Amino acid sequence: MSALTSASAQIGDTKPTGGRPGGSATPVRAQVEVGNLLREFLANVDKVEMHDRFWADDLIYTVRRAR
């Protein structure tokens, strides 16, 4: 059993908190949520809908190419 799976089993409810005030976010729960989302993203990386859900709306991605 992985650490994330073990942590998930210990906290029970792993519904996302969404950063809402009064949410029950804890470091362990946050780690579980991020791990779950990352695994889901990697399993569906070829789907536009997954990219829309995964990346922040205000993300700015730049690349500096070597000359």
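Colleague: Is Phe 54 buried, partly exposed or exposed?

Modeller: Phe 54 is partly exposed, because its relative accessibility is 23% and the buried class stops under 20%. Keep in mind that this is a predicted model.

Colleague: How many aromatic pairs does the structure hold?

Modeller: Three aromatic pairs. One of them is Phe 41 with Trp 55, an edge-to-face pair. Their centres are 5.6 Å apart, with 85° between the planes.

Colleague: Where in the chain do Phe 41 and Trp 55 sit?

Modeller: Phe 41 is in helix H2 and Trp 55 is in the segment after H3. They are 14 residues apart, and the pair links distant parts of the chain.

Colleague: And what about the rings of Phe 54 and Trp 55?

Modeller: Their centres lie 4.8 Å apart and their planes are at 90°, so that pair is edge-to-face. Ring pairs join Phe 41, Phe 54 and Trp 55 into a cluster.

Colleague: Which class does Phe 41 fall in, buried or exposed?

Modeller: Buried, because its relative accessible area is 7% and the cut-off is under 20%. Trp 55 has 40% and is partly exposed.

Colleague: Which surface patch is Trp 55 part of?

Modeller: A nonpolar one of about 470 Å². Leu 59, Tyr 61 and Val 63 make that patch along with Trp 55. Trp 55 can qualify because its 40% relative accessible area passes the patch cut-off of over 30%.

Colleague: Back to H2. What is its span?

Modeller: Helix H2 covers residues 27-43, 17 residues in total. From first C-alpha to last it reaches 24 Å, close to the 24 Å expected.

Colleague: Which H2 residues are buried?

Modeller: Arg 29, Val 32, Glu 33, Gly 35 and Phe 41. That Phe 41 is the ring paired with Trp 55.

Colleague: New topic, the overall fold. How many helices and strands are there?

Modeller: Three helices and zero strands. Along the sequence the pattern reads α-α-α. Helix H3 runs over 48-54, and Trp 55 lies in the segment after H3.

Colleague: What share of the residues is buried?

Modeller: 13% of the 67 residues in the protein chain. The chain's accessible surface is about 5,900 Å², and carbon and sulfur atoms account for 56% of that.

Colleague: Last one. What share of the contacts join residues at least 24 apart?

Modeller: 18%, counted among contacts between residues at least 6 apart in sequence.

Terms used
Residues numbered from 1 in each chain as written. Predicted model: local features only at pLDDT ≥ 70, side-chain atom pairs only at ≥ 80, totals over all residues. Heavy atoms only, no water. Patch = residues over 30% accessible without salt bridge, like charges linked within 9 Å, V, L, I, M, F, W, Y side chains within 5 Å. Areas by Shrake-Rupley, 256 points an atom, 1.4 Å probe, with all protein chains shown as cover. Salt bridge = Lys/Arg side-chain N within 4 Å of Asp/Glu carboxyl O. Helix = DSSP H or I, 4+ residues; strand = E, 2+ residues; numbered from the N terminus. Buried < 20%, exposed > 50% of the residue type's maximum accessible area, 1.4 Å probe, protein only. Contact = heavy atoms within 4.5 Å. Expected span 1.5 Å × (residues − 1). Phe/Tyr/Trp six-rings, centres within 6.5 Å; stacked < 30°, edge-to-face > 60°.
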